[in-house]
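Thank you all for coming.

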Amino acid sequence: MTEPPQTATQHAFIALAPPDHAKDELAHALRPAYAACPDLRWNRIEDWHITLAFLGELPVHTVQRLRSPLADLAGSLPRLELALLGGGHFDERVLWSGIEGDLDQLHELAEAVRTRVRDCDVAFAERPLRPHLTLARARRYDNTSVTAAAASLDGFTGRPWHTERLHLVGSTTRGHPGPRRYQDIDAWTLITGHRRSDPNPPHQDGAGPAMTPARPHAP
């Protein structure tokens, strides 16, 4: 008796991505860590992102069903000003770089994205938003490289940048040979213009209000 074919599945998430110049700045700052910690499992630079909603393993047709609702949502989302800030780790196992800037608006944007996913009757893990870029993971036997790499980013502050697109990202399908790879399924331009007007007026010298840094906490 022939077994029915399994439904193709893939990991998926919805995210923002830093522009190339911001990633280049961080990659430059990471050069000492790349050289000193070659055993870390470094993420590809093109995979650096700020996850807004991690959807987990879903049927490919379910992921595709999100494209139209997310495209519609992106047209109502504001651009935000963000910047990369320093480094840290989760339990000495996962290396990250932090995010600063329009953090309140970032949380609002993430909730809007998650609400749209819920409205599509797609179940996903409701993890608290901890804005960061995941950079590397330690191998099982390595208990020191992540903390050393995080220390190498002390004092790093990237130039501010504006979010441009909302990304729906998917992995290669389950059972695909070789390592799991991620790529955009689709991406949509956010509305033109910056975030809503700041209730605090700018300083007399023209400088805007200081950014508030975000330091993720271990899950």
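What you see is a predicted model, in which local features need pLDDT of at least 70 and side-chain atom pairs count only at pLDDT 80 or more, while totals for chains, interfaces and linings use all residues. Residues are numbered from 1 along each chain as its sequence is written, and side-chain values use heavy atoms, with hydrogens and water left out.

Let me start with the core, meaning a set of buried Ala, Val, Leu, Ile, Met, Phe, Trp, Tyr and Cys residues joined through side-chain atoms within 4.5 Å, where buried is under 20% relative accessible area with a 1.4 Å probe and protein chains only. The largest nonpolar core has 53 residues, and Ile14, Leu26, Leu55, Val113 and Leu166 touch the most other members. Helix 5, residues 103-119, gives this core its largest share, six residues; helices here are DSSP runs of H or I with at least four residues, numbered from the N terminus.

Leaving aside residues up to four places away in sequence, Leu55 touches, among others, Ile14, Leu66 and Val117, contact being heavy atoms within 4.5 Å.

As for the cysteines, Cys37 is buried at 4% relative accessible area, and Cys120 is buried at 13%. A search of the whole structure finds zero disulfides, that is, pairs of cysteine sulfur atoms within 2.5 Å.Finally, 45 residues line the largest pocket, with Phe13 among the closest to its centre (an open set of 1 Å grid points over the protein atoms alone where a 1.4 Å probe fits, with protein on both sides within 12 Å along at least five of seven lines; lining is an atom within 4 Å).

Technical notes
Buried means under 20% relative accessible area, exposed over 50%, partly exposed in between (1.4 Å probe, protein chains only). Helices (H or I, at least four residues) and strands (E, at least two) are DSSP runs, numbered from the N terminus.
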